[in-house]
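User: I have a model open and would like to go through it with you. Could we begin with the ligand sites?

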Amino acid sequence: MSAYDYDLIVIGSGPGGQKAAIAAAKLGKRVAVVDRHDMVGGVCVNTGTIPSKTLREAVHYLTGMSQRELYGASYRVKQDITIADLMARTQHVIGREVEVVRAQLMRNGVHLVSGLGRFTDPHTVAVEGGPRGERTSLTGEYVVIATGTRPARPPEVDFDEARVLDSDEILSLDRIPSSLVVVGAGVIGIEYASMFAALGCRVTVVEQRERMLEFCDPEIVESLKFHLRDLAVTFRFGEKVVDVAVGEHATVTSLASGKRIPAEAVMYSAGRQGMTDALGLEHAGLTADKRGRLAVDDHYRTEVPHIYAVGDVIGFPALAATSMDQGRLAAYHAFGEPANELAALQPIGIYTIPEISYCGATEAELTSSSIPYEIGTARYRELARGQIAGDSYGMLKLLVSTEDRKLLGVHVFGTGATDLVHIGQAVMGCGGTVDYLVDTVFNYPTLSEAYKVAALDATNKIRALARFTTT
Ligand SMILES: Cc1cc2nc3c(=O)[nH]c(=O)nc-3n(C[C@H](O)[C@H](O)[C@H](O)COP(=O)(O)OP(=O)(O)OC[C@H]3O[C@@H](n4cnc5c(N)ncnc54)[C@H](O)[C@@H]3O)c2cc1C
Ligand SMILES: NC(=O)c1ccc[n+]([C@@H]2O[C@H](COP(=O)([O-])OP(=O)(O)OC[C@H]3O[C@@H](n4cnc5c(N)ncnc54)[C@H](O)[C@@H]3O)[C@@H](O)[C@H]2O)c1
């Protein structure tokens, strides 16, 4: 008989928490997951990834954006798109996803305990605030903290849930604003900026840094900026917001440079804060940094060996995909189950309109490491599938080692980018060369054919160089 109620208590039911719980349950362990009744599935399902990606899909479909190349600039699936049109799809998908999470936990015998968890000692979690106000206390041999993050709110800004909003509240807007200031050009800011711009809203993006999405390929970021400017987005880089004044019908955002920007609404997407302040960390022997994040070792173990932390609460890369694997690996480590480390090669997908995705090295990284490479490019407009889909701006770029012809990086912009990237990831993961892509037959007409076109482009350039060198 164990001295504890559970072998594992997981705090937070987002991607990290879910996978930690299910991995432990599959090993025959007794597991409880604690989360608020209305947050099953975490930030991912309720306020973050799933709503934003469904909203994007609804915007993309209803605005007819992807078909305008074929049917003209005035093409729309629906003339007056309302917030209700957009939210109907979003709420439907959230509801389904919550059910999927509940069913998966239930059929694996994981107990879902409603409320907020707080340590009272290193092995005990008190749970308060269930739907009927119940309180309970659970003990566990191991604990996984997967409490994620919430939007960071600068203290000097008055968020009013109507005109000055964070990225959670943007989902409860009661109408599509005619103009919007987006503060912060991180991934969240740019994804929402592109959605509102596609809806015909005049968007101004204010970013204190000189550039946006610095980790991406600059050529692709330029293409995105070009597209967004074309949709009436204004960028203010190197500018800091110092004040937001709210009137009855509008807001005015003041920048440190003295500029003032009127807009119907303002959305803050200026980073996120770890959800650790209400966890009673002091009773567990833990401390968080000033952004609420917890430090872990290579096995996701905190400084208290039986307490693990996974997902956004441990910081970079703060993605749903990585959080899931961290949760699984934490549970395996706790219960001594052998597991491989995660592959170092991880993709990035940015669901702007149009979307961006990449995997592997960027040109800047290769240049600074003095690794010689050649570029192979395919433009969607030269692919039959690109023409059929009406995507004339998309592109795929391969970075190929001129020394051993290995694929070093793949960067995609346009339709299907976040799926297409995985072909390049698989080739790179297996140490493949550009010749594999040249020698492989792709379905025709597909966007995947871009790999072949880009591979031929790269090999033509490498051959030209080889001929020059040998003559
Ligand atoms: C707008 C937006 C868009 C995003 N888009 C993408 C994307 O396209 N792709 C991608 O990979 N990632 C995306 N992300 C990031 C992704 O959502 C996160 O990486 C992921 O949700 C983190 O998972 P997690 O396991 O840390 O838990 P989270 O999903 O953050 O959930 C944490 C859970 O813990 C609960 N919790 C907190 N404190 C307590 C407590 N004391 N007791 C009990 N429960 C508690 C919360 O209620 C919440 O349900 C996006 C995020 C946002 C905000
Ligand atoms: N597609 C995806 O994978 C996806 C989508 C959305 C979110 N996410 C995750 O969510 C995390 C958080 O995203 P985020 O965009 O909120 O955070 P972020 O920290 O990446 O970006 C915030 C930006 O706001 C700027 N900023 C802060 N204060 C400002 C001010 N006063 N004036 C002007 N600019 C200011 C910062 O310089 C920064 O560039 C990301 O790191 C990412 O991991 C991923």
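User: Which elements each supply at least two residues of the shell around ligand 2?
Analyst: They are helix 6 (187-198), strand 10 (202-207) and strand 18 (348-350). Helices (H or I, at least four residues) and strands (E, at least two) are DSSP runs, numbered from the N terminus. This is a predicted model, in which local features need pLDDT of at least 70 and side-chain atom pairs count only at pLDDT 80 or more, while totals for chains, interfaces and linings use all residues. Residues are numbered from 1 along each chain as its sequence is written, and chains are lettered from A and ligands numbered from 1 in the order in which they are written.

User: Which element gives the largest share of that shell around ligand 2?
Analyst: Helix 6 does, with 4 residues.

User: How many residues surround ligand 2, and which are the closest?
Analyst: There are 24, and the closest are Gly184, Gly186, Ile188, Ala270 and Ala318. A residue counts as near a molecule or strand if its C-beta atom, placed from the backbone, lies within 6 Å of it.

User: What classes do the residues of the shell around ligand 2 divide into?
Analyst: The shell around ligand 2 has 12 nonpolar, 7 polar and 5 charged residues. Ala, Val, Leu, Ile, Met, Phe, Trp, Tyr, Cys and Pro count as nonpolar, Asp, Glu, Lys and Arg as charged, and the others, Gly among them, as polar.

User: Which domains each give at least three residues to the shell around ligand 2?
Analyst: Domain 1 (6-151 + 273-334) and domain 2 (164-270) each do. The domain bounds come from an automatic or database domain assignment.

User: Now ligand 1. How many residues surround it, and which are the closest?
Analyst: Ligand 1 is surrounded by 38 residues, and the closest are Gly12, Gly14, Gly42, Gly148 and Gly311. Two or more residues of this shell come from each of helix 1 (15-26), strand 2 (31-35), helix 2 (42-46), helix 3 (49-63), strand 4 (116-121) and helix 9 (320-334). By class, the shell around ligand 1 contains 18 nonpolar, 16 polar and 4 charged residues.

User: How do helix 1 and helix 9 cross?
Analyst: Their axes come within 7 Å and cross at roughly 35 degrees. Axes here are lines fitted to C-alpha atoms, for helices over the stretch in contact, and angles run from 0 to 180 degrees between N-to-C directions. The contact includes Ala20, Ala23 and Ala24 of helix 1 and Ala320, Ala330 and Ala331 of helix 9, among others. Two residues are in contact if their C-beta atoms, placed from the backbone, lie within 7 Å. By class, the contact of helix 1 with helix 9 has 9 nonpolar, 6 polar and 2 charged residues.

User: Changing topic: how is the protein divided into domains?
Analyst: The protein has domain 1 (6-151 + 273-334), domain 2 (164-270) and domain 3 (354-470). The C-alpha centres of domain 2 and domain 3 lie 32 Å apart. Their contact takes 6 residues from domain 2 and 9 residues from domain 3.

User: Where does Pro354 lie, and what does it contact?
Analyst: Pro354 lies in the loop between strand 18 and strand 19 (356-360). The peptide bond from Ile353 to Pro354 is cis, with omega near -5 degrees. Leaving aside neighbours within four places in sequence, Pro354 is in contact with His227, Tyr393, Gly394, Phe413, Gly414 and Thr415. The C-alpha atoms of Pro354 and Leu224 are separated by 7.1 Å, although these residues are 130 apart along the chain.

User: Why does Pro354 count as buried?
Analyst: Pro354 counts as buried because it has 25 C-beta neighbours inside 10 Å. A residue is buried if 20 or more other C-beta atoms lie within 10 Å of its own, exposed if 12 or fewer, and partly exposed in between, with C-beta atoms placed from the backbone.

User: Where is the other cis bond, the one from Phe316 to Pro317?
Analyst: Pro317 lies in the loop between strand 17 (307-309) and helix 9. Omega for that bond is near 5 degrees.

User: And Ser370, buried or exposed?
Analyst: Ser370 is exposed, because 6 other C-beta atoms lie within 10 Å. Ser370 has a positive phi of about 55 degrees although it is not a glycine.
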